[in-house]
Amino acid sequence: MPFDIIIYSVSCNIESSKGELKMKLALKTVNATGRHTASVIFFHGSGDTGPGVLEWVRFVLGRNLEYPHIKIIYPTAPLQKYTPMDGELSNVWFDRKSINIAAGEHKRSMSQCYDSINQLIEDEVASGIPLNRIVVGGFSMGGAVALHTGYHLKPELAGVFAHSSFLNRGSVVYESLQDRPEGSALPELRMFHGERDTLVPPDWGMETFDNLKNLGVEGTFHPLKNTLHELKTASLTDLDKWIKEKLPEDQVPNKL
């Protein structure tokens, strides 16, 4: 299989008593088997890694998400203190006060890794892949990162998917959508959520989807029967088909 592991060093502008810290994101990639003309970035959930979610996808789907023209990128979040784990170090994209839709966002923590997410995307653009040929998505916390990426940082993207995810009420994402120019295009959204999810209740996912829809986001919400906080064959099969629709093979990227 065409795998690459890349150590990717970026500055996230994290302030400390010693000044700015550097974070390194490890990228696990499944390369396009032919000419690379599109990319998907898949963000893992809290406590996981890029290789971990890649293996989970392979186990559930029975194969990799692999395409002739699409590179799949599985980045790993940096180790940092995570309040819901009593401040223990964990691979998380951001810190938060609690896993609760009513909790306020930790805006400083959210903003600290925007630079690394932007750099991931900008490197794809620099390699010849325009924003409208890039899809971002993820599981749980990774889905929240994707929602921030597509509707706060890079609304020119081709699409966003979120599996078992939610946005906090009062999220900066909602503020960005409220302030966007009238009539501006937004990436299509695909959301999946287990009906028996007890970690992230499906009502939180549905509320997030409804809020985004009311702010102009078009997409679909897919409840998954008999499903806990987990990936399922049905959702990954649907996601595979959707990725092919959003990033067709015969479309040649326009140079930006």
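Reader: What should I know about the source and the numbering?

Author: This is a predicted model, in which local features need pLDDT of at least 70 and side-chain atom pairs count only at pLDDT 80 or more, while totals for chains, interfaces and linings use all residues. Residues are numbered from 1 along each chain as its sequence is written, and side-chain values use heavy atoms, with hydrogens and water left out.

Reader: How many salt bridges does the structure hold?

Author: The structure holds eight salt bridges, each being a side-chain nitrogen of Lys or Arg within 4 Å of a carboxyl oxygen of Asp or Glu. One of them joins the side chains of Arg63 and Asp240, at 2.7 Å from N to O.

Reader: Where do Arg63 and Asp240 sit?

Author: Arg63 is in the loop between helix H1 (50–61) and strand E4 (70–75), and Asp240 is in helix H7 (residues 233–246), so that distant parts of the chain, 177 residues apart, are linked. Helices (H or I, at least four residues) and strands (E, at least two) are DSSP runs, numbered from the N terminus.

Reader: And is Asp240 buried or exposed?

Author: Asp240 is buried, with a relative accessible area of 5%, whereas Arg63 is partly exposed at 37%. Buried means under 20% relative accessible area, exposed over 50%, and partly exposed in between (1.4 Å probe, protein chains only).

Reader: Which residue meets Lys71 in a salt bridge?

Author: The side chain of Glu124 does, at 3.1 Å from N to O. Glu124 lies in helix H3 (residues 114–126) and Lys71 in strand E4, so the pair ties together parts 53 residues apart in sequence. Glu124 counts as buried at 6% relative accessibility, and Lys71 counts as buried at 16%.

Reader: Changing topic, how many cavities of 30 Å³ or more are there?

Author: The count comes to three. On a 1 Å grid over the protein atoms alone, a cavity is a set of points where a 1.4 Å probe fits but cannot get out, and lining residues have an atom within 4 Å of a point. Grid points are joined across faces, edges and corners, and a volume is the space filled by probe spheres set on the points.

Reader: What is the volume of the largest cavity, and which element gives the most to its lining?

Author: The volume of the largest cavity is about 60 Å³. H4 gives the most to its lining, with four residues. The residues lining the largest cavity include Trp93, Cys113, His148 and Leu153.

Reader: What classes of residue line the largest cavity?

Author: Its lining has eight nonpolar, two polar and no charged residues. Here Ala, Val, Leu, Ile, Met, Phe, Trp, Tyr, Cys and Pro count as nonpolar, Asp, Glu, Lys and Arg as charged, and the others, Gly among them, as polar.

Reader: Finally, how many aromatic pairs are there?

Author: There are six aromatic pairs. Rings of Phe, Tyr and Trp (its six-membered ring) pair if their centres lie within 6.5 Å; planes under 30 degrees apart count as stacked, over 60 as edge-to-face and the rest as tilted. The ring centres of Phe42 and Phe161 are 5.2 Å apart with planes at 70°, so this pair is edge-to-face.

Reader: Which residues form a cluster with Phe42?

Author: Tyr74 and Phe161 form one aromatic cluster with Phe42. Phe42 counts as buried at 2% relative accessibility, and Phe161 is buried at 1%.

Conventions: 1 Å grid on protein atoms, 1.4 Å probe; cavity = no way out; pocket = protein on both sides within 12 Å on 5 of 7 lines; lining within 4 Å.
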